[in-house]
Amino acid sequence: MLLVDDDRLVRSGLRVLLDGEPGLTVAGEAGDGGEAVERCAAAGIDVVLMDVRMAGMDGIEATRRITALPGVSTRVLVVTTFTDEEYVFDALTAGASGFVPKSAEPAQLVHAIRVVAAGDALVLPADTRRLVERSVPRRPRHSDPRRKILDRLTPREAEVLRLIAGGLSNGEIATELYVGAETVKSHVGNVFAKIGARDRTQAVIFAYESGFVRAP
């Protein structure tokens, strides 16, 4: 993991908290977005814990650049004290795989890191859905090119996308559809490839922005 925050005390606290967790290794720290991008481009980082408001390059732009690095599969988990939904949503659309408040319990943060690293479920699925529902347009334009992309999905893939947008993990989808885990993984991969989503969070955003799923 890479810890990115312009507050040295915050980074130190996170390192103390996470270094003792089995299977988790803090590979480094960065005090701003630009440094974070350089570290991710030069070393194998699995998960970045990213602050959003920092001097210089902020977490949103850093996330956009990290997730665009060629040949890099680093996932970004936004860790923020701010409740500005628009700001957090911007981080998600920039490529972040999830978010968690700094006020979260240590066990919640560790769980969020593991979920992001595994990539088969959403971080805070209910909160993510509510955020997306409130942030996307209620009535997508009929000329939106994303609506044509939806026509490429098979009926089963469309069903899988709907379940992903509902916050279900791969295991829950397998139970819902009475199929094996590997079959679900294959369907999810096909859905991501066809709609151009990097991970589940981007798939949820696509589903709502395209009008495939409507907010209640």
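Colleague: Which residues does Asp51 touch, leaving out those up to four places away in sequence?

Modeller: Keep in mind that this is a predicted model. Leaving out residues up to four places away in sequence, the contacts of Asp51 are Val4, Asp5, Asp6, Gly59, Val79 and Lys102.

Colleague: Is Asp51 buried or exposed?

Modeller: Buried means under 20% relative accessible area. Asp51 has a relative accessible area of 5%, so Asp51 counts as buried.

Colleague: Let's go to α10. What distance does α10 reach from its first C-alpha to its last?

Modeller: Helix α10 runs over residues 181–195, which is 15 residues. At 1.5 Å a residue, 21 Å is expected, and the helix comes close to that: α10 reaches 21 Å.

Colleague: Why are the buried residues of α10 on the same side?

Modeller: The buried ones are Val184, His187, Val188, Val191, Phe192 and Ile195. They sit on the same side of α10 because the arc they cover around the axis is only 135°. As background, an α-helix has 3.6 residues a turn, so residues three or four places apart point the same way. For α10, the value you want is that arc of 135°.

Colleague: Which exposed residues are on the face of α10 turned away from its buried side?

Modeller: The buried side carries residues such as Val188 and Phe192. Turned away from that side is a face with the exposed residues Glu182, Lys185 and Ala193.

Colleague: What covers the buried residues of α10?

Modeller: UniProt's unreviewed entry annotates residues 146–211 as "domain: HTH luxR-type", and that span is 74% helix and 0% strand. The cover over the buried residues of α10 includes helices too, among them α7 (145–150), α8 (155–165), α9 (170–177) and α11 (200–209).

Colleague: Now the cavities. What volume does the largest cavity have?

Modeller: Searching the whole structure turns up two cavities of 30 Å³ or more. For the largest cavity, the volume is about 60 Å³.

Colleague: Which helices each supply at least two residues of the lining of the largest cavity?

Modeller: The lining includes Val115 and Val116, along with Arg200 and Thr201. The helices that each supply at least two lining residues are α5 (106–118) and α11.

Methods: Residues are numbered from 1 along each chain as its sequence is written. This is a predicted model: local features need pLDDT of at least 70, side-chain atom pairs count only at pLDDT 80 or more; totals for chains, interfaces and linings use all residues. Side-chain values use heavy atoms; hydrogens and water are left out. Helices (H or I, at least four residues) and strands (E, at least two) are DSSP runs, numbered from the N terminus. The expected span of a helix is 1.5 Å times one less than its number of residues. Buried means under 20% relative accessible area, exposed over 50%, partly exposed in between (1.4 Å probe, protein chains only). The arc is that of the directions from the helix axis to the C-beta atoms. Contact means heavy atoms within 4.5 Å. UniProt positions are given in the numbering used here, feature names are shortened, and annotations may be inferred rather than shown by experiment. On a 1 Å grid over the protein atoms alone, a cavity is a set of points where a 1.4 Å probe fits but cannot get out, and a pocket is an open set with protein on both sides within 12 Å along at least five of seven lines; lining residues have an atom within 4 Å of a point. Grid points are joined across faces, edges and corners, and a volume is the space filled by probe spheres set on the points.
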